[in-house]
Structure formats: C-alpha cells, structure tokens
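Here is a short briefing for a first look at this structure. Keep the sequence and the model side by side as you read.

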Amino acid sequence: MPSNNVELLEVIYKTPTLKNIIDEALDAGSKINAIKELRGWCETSDNPNWLTDGTRVSLRLMKDVVDRYAVRRIIRNKLTKLSEQIENYCNVFGYDKMGSRRGAKSKDGLYTHQYSDYELVEDHIGFIVNDLQWSPSHKDYKQYNKLWKKYNAFK
C-alpha cells in the first residue's frame with residue numbers, strides 16, 4: 001500500500017471525530033459520502049501536514065483509503081462478534097471447553113502455554129487496529145469460519 005494511503009488511514013484512526021463521521025456514512029451504506037467527508041476534511045484541515053506539501057487530494061486516494069478502512073472495519077466488527085460468541089459459549093459450557101492452539105514449552109519442559117481461541121481472536125483484533133500493514137491471510141479466514149461454526153453450535 002502506498003505511503004500516502006497508510007498515512008491517511010493512520011490519520012482516520014487517530015482522529016476520533018473524522019472516524020465517527022466516516023463510520024456514520026459507512027453505516028448508512030454510503031461509501032460515496034464517506035469519501036466526500038474525508039476529502040472535505042483533508043481540504044479544510046491543516047492535518048495531515050504531508051498534504052500541504054503539494055500532494056494532490058485525489059478522489060482515487062480518498063477512495064482507496066475509504067475502501068481499505070471499510071474492509072478493516074468489517075473484519076474488526078466480525079472478529080469482535082466472534083470474540084463475544086466465544087465468551088458466551090464459555091459462559092454456558094465452561095472455559096475449560098475452549099479450544100487452544102500450539103503450546104509453548106519452557107526450556108526445562110515444565111511450563112506449557114496453550115494459546116486459546118479467544119487469545120487468537122483478541123490478538124487479531126489488536127493487529128487490525130494497531131498495525132495498518134497487517135491483514136488476515138486466507139488461512140486466518142478459514143480459521144475464523146471454523147471458530148464461528150464451533151462456537152455457534154450451541155444455539
């Protein structure tokens with residue numbers, strides 16, 4: 001992803017008012033309005049500073065950033081629902097029934113850490129929010145679907 005996209009995406013995440021405006025437009029189902037709001041904000045605001053050095057505020061840049069933000073927002077929302085679903089499942093059946101991933105043993109072999117399904121989902125939510133370069137792999141999406149089916153089985 002070009003650096004302008006990353007920088008502008010970072011500005012969206014770090015500016016709560018802008019983020020709320022874009023979220024409202026996307027919730028209303030209007031990606032065009034989200035692009036217009038972002039473009040208007042960039043043209044009237046002195047932040048980000050890199051836009052004042054001659055970088056053109058093009059519709060292509062705005063569209064790419066809003067598209068990227070919308071996809072990351074959808075993934076975050078779905079992972080949050082999956083996290084809540086795992087919690088509900090564990091509240092009904094017990095936390096000992098939660099699945100886990102690979103274990104990490106200490107050098108002496110006495111301590112083993114089991115990476116739980118909940119930890120996996122929470123880590124990926126953190127990656128979506130904090131690491132703008134990260135996106136789930138195809139394998140991750142398959143894992144999310146398996147977890148969703150597993151923890152929705154009790155309904």
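In this predicted model, helix H4 (residues 59–93) packs against helix H6 (residues 138–151) at an angle of about 35°. Their axes lie 9 Å apart. The crossing of H4 and H6 is left-handed.

**The contact of H4 with H6**
- H4 contributes Ile 75, Leu 79, Lys 81, Leu 82, Gln 85, Ile 86 and Tyr 89.
- H6 contributes Tyr 141, Tyr 144, Leu 147, Trp 148, Lys 150 and Tyr 151.
- By type, the residues of this contact are 10 nonpolar, 1 polar and 2 charged.

**Arg 68 in H4**
- Arg 68 sits in helix H4.
- Arg 68 counts as partly exposed because its relative accessibility is 25%, between the 20% limit for buried and the 50% limit for exposed.
- Asn 5 is 63 residues away from Arg 68 along the chain, yet their C-alpha atoms are separated by 8.7 Å.

**Helix H3 and its two faces**
- H3 covers residues 31–44, which makes 14 residues.
- From first C-alpha to last, H3 reaches 20 Å, close to the 20 Å expected at 1.5 Å a residue.
- Ala 34, Ile 35, Leu 38, Trp 41 and Cys 42 of H3 are buried.
- An α-helix has 3.6 residues a turn, so residues three or four places apart point the same way.
- The face of H3 turned away from the buried side carries the exposed residues Ile 32, Lys 36, Glu 43 and Thr 44.

Key: Residues numbered from 1 in each chain as written. Predicted model: local features only at pLDDT ≥ 70, side-chain atom pairs only at ≥ 80, totals over all residues. Heavy atoms only, no water. Helix = DSSP H or I, 4+ residues; strand = E, 2+ residues; numbered from the N terminus. Expected span 1.5 Å × (residues − 1). Buried < 20%, exposed > 50% of the residue type's maximum accessible area, 1.4 Å probe, protein only. Axes fitted to C-alpha atoms, helices over the stretch in contact; angles between N-to-C directions. Left-handed = near helix turned anticlockwise from the far one by under 90°. Contact = heavy atoms within 4.5 Å. Nonpolar A, V, L, I, M, F, W, Y, C, P; charged D, E, K, R; others polar.
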